[in-house]
Amino acid sequence: MAHHPLLVAASFLAAFAAVSSAGKVAVYWGQRGEEGTLADTCASGLYNFVNIAFVSAFGNGGGQPPVLNLANHCSPAAGTCAVFSSDIRSCQASDVKVLISLGGAKPTYSLTSAEEARGLADYLWDNFLGGTSASRPLGDAVLDGVDFDIEQGGGDHYDELARALSSRCNGACLLTAAPQCPYPDAHLGEAIKTGLFSHVWVQFYNNPMAKCQYAPGDASDLEDAWARWTAGVPPPADVFLGLPAAESAADNGGYIDADTLKSQVLPAVRGAANYGGVMLWDRARDAASGYSSSLRGNV
């Protein structure tokens with residue numbers, strides 16, 4: 001059967017648009033030994049972004065030296081985390097962006113002044129990004145950016161940290177944020193308002209009292225919160241649906257089984273012009289559950 005050239009061209013453009021607007025997948029790696037190596041995580045082909053978690057101590061009003069905590073993977077104090085430089089490079093060679101994530105759930109950090117914020121920016125630039133330092137915990141590989149997963153402390157000075165990092169990087173580093181789903185986020189609201197973030201992966205889990213996450217059989221609260229976030233995050237950032245990769249990854253709810261996510265939730269959220277994709281906590285649970293594998297081609 002002959003095909004009209006204009007129809008062929010139109011179908012090609014439609015297919016291209018569908019591919020080019022496809023969502024991406026981000027994951028956190030670093031807190032569980034059974035998640036495997038960083039290189040294997042990237043080689044899986046499942047992820048576009050890997051957040052190395054966490055720089056879990058900094059500031060606290062006393063100029064506390066930043067501390068990298070990668071659980072049982074290595075010891076920063078003994079210098080054994082530098083072995084991950086080759087992993088980071090292999091990830092980047094596979095077009096996976098690798099970021100260092102700040103914060104986490106432990107109450108071992110805060111920023112209490114603009115001076116602390118600028119000092120942390122200098123430390124991150126010199127030790128993980130394009131600067132130089134004798135103490136680079138992950139070796140001499142240059143990471144792609146910094147993720148803000150701020151779940152503790154006050155909400156002060158993270159906007160100043162974002163500005164200082166952006167200035168240091170001269171626009172060459174990615175800044176991402178992982179706020180909780182109540183809008184605006186208590187810790188990162190002011191930072192996100194700066195418009196310096198490229199991706200905002202909202203944690204739509206572990207917030208049952210805030211009515212902003214999925215409940216079994218009911219996506220209405222999540223969809224309402226999604227609408228607030230996608231309307232409220234300033235460009236150029238896109239917004240990711242942050243989810244647990246297994247029920248065990250979220251103690252306080254928000255888990256959505258993959259079939260429900262694909263059939264009901266993603267069709268409802270993908271219509272946002274600034275939809276970015278899905279973020280998963282974490283690589284260990286995802287590897288065990290096969291969650292992102294079952295989403296392949298559907299994000």
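Colleague: Which residue in strand 9 does valine 202 stand opposite?

Modeller: Before I answer, please note that this is a predicted model, in which local features need pLDDT of at least 70 and side-chain atom pairs count only at pLDDT 80 or more, while totals for chains, interfaces and linings use all residues. Residues are numbered from 1 along each chain as its sequence is written, and side-chain values use heavy atoms, with hydrogens and water left out. Strand 8 (residues 199-203) pairs with strand 9 in the parallel sense over 5 bridges, where strands (E, at least two residues) and helices (H or I, at least four) are DSSP runs numbered from the N terminus, and two strands pair if DSSP finds at least two bridges between them. Within strand 9, the residue opposite valine 202 is leucine 241.

Colleague: Through which helix does the chain cross from strand 8 to strand 9?

Modeller: The crossover is of the β-α-β kind and is right-handed, a term used if, with the strands pointing away from the viewer, the path from the first strand over the helix to the second runs clockwise. The helix on this path covers residues 220-232, and it is helix 7.

Colleague: How many of the residues of strand 9 are buried?

Modeller: Buried means under 20% relative accessible area, whereas exposed means over 50% and partly exposed lies in between (1.4 Å probe, protein chains only). In a regular strand the side chains alternate between the two faces of the sheet. In strand 9 both faces are covered, with Asp238, Phe240, Gly242 and Pro244 buried on one side and Val239, Leu241 and Leu243 buried on the other. For strand 9, residues 238-244, the count of buried residues is therefore 7 of 7.

Colleague: Why does the pair of tyrosine 28 and tryptophan 281 count as tilted?

Modeller: Rings of Phe, Tyr and Trp (its six-membered ring) pair if their centres lie within 6.5 Å, and planes under 30 degrees apart count as stacked, over 60 as edge-to-face and the rest as tilted; by this rule there are 14 aromatic pairs. The ring centres of tyrosine 28 and tryptophan 281 are 5.5 Å apart, and the pair is tilted because the angle between the planes is 55°.

Colleague: Which residue joins Tyr28 and Trp281 in one aromatic cluster?

Modeller: Tyrosine 28 belongs to strand 1 (residues 24-29) and tryptophan 281 to strand 10, 253 residues apart. Both tyrosine 28 and tryptophan 281 are buried. The cluster that holds these two also contains Phe54.

Colleague: How many residues does the largest nonpolar core have?

Modeller: A nonpolar core is a set of buried Ala, Val, Leu, Ile, Met, Phe, Trp, Tyr and Cys residues joined through side-chain atoms within 4.5 Å. In the largest core, the residues with the most contacts inside it are Ile52, Leu138, Phe148, Tyr158 and Leu161, and helix 4 (residues 114-128) gives the largest share, 7 residues. A second, separate core of 14 residues includes Ala53, Phe54, Trp201 and Tyr205. The size of the largest core is 80 residues.

Colleague: Is the disulfide of cysteine 42 and cysteine 91 right-handed or left-handed?

Modeller: A disulfide is a pair of cysteine sulfur atoms within 2.5 Å, and the structure holds 4 of them. The sulfur atoms of cysteine 42 and cysteine 91 are 2.0 Å apart. Since the torsion about their S-S bond is about 90°, this disulfide is right-handed.

Colleague: And which hand has the link of cysteine 169 and cysteine 173?

Modeller: These two cysteines are joined with a distance from S to S of 2.1 Å. At 6% relative accessibility cysteine 169 counts as buried, and cysteine 173 counts as buried at 18%. The angle about the S-S bond is -85°, and the link is left-handed.
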